[in-house]
Amino acid sequence: MRNMTNVESCHNLPKWVPTAARHYLAHTEDGLSIRALARATDCHPSTILRQVRRFEGRRDDPLIDAALKSLAEQTDGKNVKQETKQMKMSGGFDQALTQERIDSEAKRILRRMCEPRAVLAVAREMETAVVARENDEGQSLRTAIVDREIAQAMALKEWINCPDDGSRIRRYFITNSGRAALRRLTAADENKAHGFAEQRGTFDPDLDGWTFPKETDGMRSRSRYYATESPLLGLARRKDRDGSPFLTNDLVKAGERLREDFELSQIGGPGVRTYDGFMETIEVPKDSMIPEGAIKARERVQAAMQDLGLGLGDVVLRCCCLLEGLEVTERNLGWSARSGKIVLRIALQRLKVHYETTQGKFGPMIG
């Protein structure tokens with residue numbers, strides 16, 4: 001009877017918690033033996049033992065350790081309301097954290113971590129983590145902000161991993177499991193938007209990404225494109241006639257700030273992927289499940305698009321947010337070859353002025 005009670009307390013954990021973590025907590029917190037847990041879960045004892053040892057070896061990871069402590073408090077069932085505030089202060093989980101929210105945030109974060117030289121940095125005293133990457137000059141560029149509980153969940157799922165360097169600031173890298181999760185989540189979105197029919201695609205080395213045949217959506221026809229890196233990174237590596245970078249670091253930062261707001265604006269609601277879509281005024285019901293941060297991010301994107309206007313706003317939306325290659329953008333907009341990069345640079349210069357005017361030169365990426 002005691003064994004069954006312990007197993008049930010393990011099952012009271014949120015559904016998104018990995019099975020191996022459940023087994024570890026049942027053994028270490030509830031006192032269930034390896035063999036008893038194996039019998040209760042119809043699993044071989046050696047498998048349970050490996051799972052327990054693996055998580056015990058990962059307790060040096062601050063995200064893993066904090067996550068397991070918070071989950072252990074949730075399984076206790078005593079003084080839950082009183083402990084909630086303490087859990088939040090120590091970087092623990094909000095009990096309302098769901099798989100849907102984890103997946104939504106993970107798509108944004110894991111996509112950023114796939115970029116060259118990108119890491120997720122976590123400091124023990126900070127409530128949030130940041131994703132940053134280095135450019136060719138060694139300068140660090142922040143590309144995303146991550147709630148600590150989301151980072152903990154991704155670490156628990158082994159989507160990110162941190163080499164044990166003992167430093168105050170831990171740097172996490174995306175794992176093969178994280179890349180697989182990103183592919184799965186992206187494919188799920190595509191299935192929802194386009195159905196389950198698959199189309200043949202070809203990899204274009206000039207565009208550094210995959211291109212797919214055009215699809216008909218009502219009266220509209222659009223080209224699907226998935227880049228392996230932002231077009232801004234490629235342009236930043238190019239040199240102008242005088243030998244200087246074609247895109248300076250401050251222009252890249254302006255484009256990345258817009259992309260971060262764009263990705264935040266897509267959380268919890270129908271995706272808006274056109275200039276006209278962002279210009280539409282949408283009233284959000286009071287009982288809407290869309291996070292307030294996503295609503296504010298959409299307003300910031302809308303303000304930037306309105307300031308740039310249709311032509312410049314469209315090109316930064318395509319290249320900075322949708323990661324559409326310059327050649328694809330030129331074809332879709334009917335421009336002449338090699339004209340897109342000039343227009344994009346002008347648009348980024350205008351976007352930089354917009355952010356300096358509205359948020360200040362050193363204003364935060366996320367308002």
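Trainee: In what order do the 5 strands of the open sheet lie, and how are they paired?

Mentor: Good place to start, and keep in mind that this is a predicted model. The order across the open sheet is β3-β2-β1-β5-β4, with antiparallel pairing. At the edges sit β3 (140-147) and β4 (160-161), each of which pairs on one side only.

Trainee: How many bridges join β4 to β5?

Mentor: There are 2 bridges between β4 and β5 (residues 169-174), and these strands run antiparallel. To see one of the partners, find N161, then look across to F173 in β5.

Trainee: Which helices pack on the sheet?

Mentor: Let's take two cases. Helix α7 packs on the sheet and touches β1 (118-123), β2 (128-134), β3, β4 and β5. The direction of α7 makes about 165° with that of β3. Helix α11 (residues 249-265) also packs on the sheet, touching β2 and β3. Here the direction of α11 makes about 15° with that of β3.

Trainee: What describes two packed helices?

Mentor: The general idea is that a packed pair is described by the angle between the axes and the distance between them. Now try it on α7 (residues 99-113) and α8 (residues 148-156): their axes come within 10 Å and cross at roughly 85°. An angle from 65 to 115 degrees counts as roughly perpendicular, so α7 is roughly perpendicular to α8.

Trainee: Which residues make that contact?

Mentor: On α7, look for R101, I102, E105, A106, I109 and L110; on α8, look for E149, I150, A153 and M154. Sorted by class, the contact of α7 with α8 has 7 nonpolar, no polar and 3 charged residues.

Trainee: At what angle do α11 and α13 pack?

Mentor: The angle between α11 and α13 (residues 292-321) is about 125°, and their axes are 9 Å apart. That angle makes α11 oblique to α13. The crossing of the two helices is left-handed. From α11 the contact includes G255, L258 and F262, while α13 contributes residues including A294, V301 and C321. By class, the contact of α11 with α13 has 12 nonpolar, 2 polar and 4 charged residues.

Trainee: Is S177 buried, exposed or partly exposed, and why?

Mentor: Check its relative accessible area, which is 40%. Buried means under 20% and exposed means over 50%, so S177 is partly exposed. You will find S177 in helix α9 (residues 176-194). Leaving out residues up to four places away in sequence, S177 touches E158 and W159. The C-alpha atoms of S177 and I160 are separated by 8.1 Å, although these residues are 17 apart along the chain.

Trainee: Which residues of helix α3 are buried, and what follows the helix?

Mentor: In α3 (residues 34-41), the buried residues are I34, A36, L37 and A38. After α3 comes D42, with a positive phi near 55°. G334 follows α14, and its phi is positive, near 75°.

Trainee: How many helices and strands are in the protein chain, and what percentage of its residues count as buried?

Mentor: The protein chain has 15 helices and 10 strands. Of its 367 residues, 46% count as buried. To read contacts along the chain, take those between residues at least 6 apart in sequence: 59% of them join residues at least 24 apart.

Note on methods:
Residues are numbered from 1 along each chain as its sequence is written. This is a predicted model: local features need pLDDT of at least 70, side-chain atom pairs count only at pLDDT 80 or more; totals for chains, interfaces and linings use all residues. Side-chain values use heavy atoms; hydrogens and water are left out. Buried means under 20% relative accessible area, exposed over 50%, partly exposed in between (1.4 Å probe, protein chains only). Helices (H or I, at least four residues) and strands (E, at least two) are DSSP runs, numbered from the N terminus. Contact means heavy atoms within 4.5 Å. Axes are lines fitted to C-alpha atoms, for helices over the stretch in contact, and angles run from 0 to 180 degrees between N-to-C directions. Angles under 35 degrees count as roughly parallel, over 145 as roughly antiparallel, 65 to 115 as roughly perpendicular and the rest as oblique. Ala, Val, Leu, Ile, Met, Phe, Trp, Tyr, Cys and Pro count as nonpolar, Asp, Glu, Lys and Arg as charged, and the others, Gly among them, as polar. Two strands pair if DSSP finds at least two bridges between them. A crossing is left-handed if the near helix is turned anticlockwise from the far one by less than a right angle, and right-handed if clockwise.
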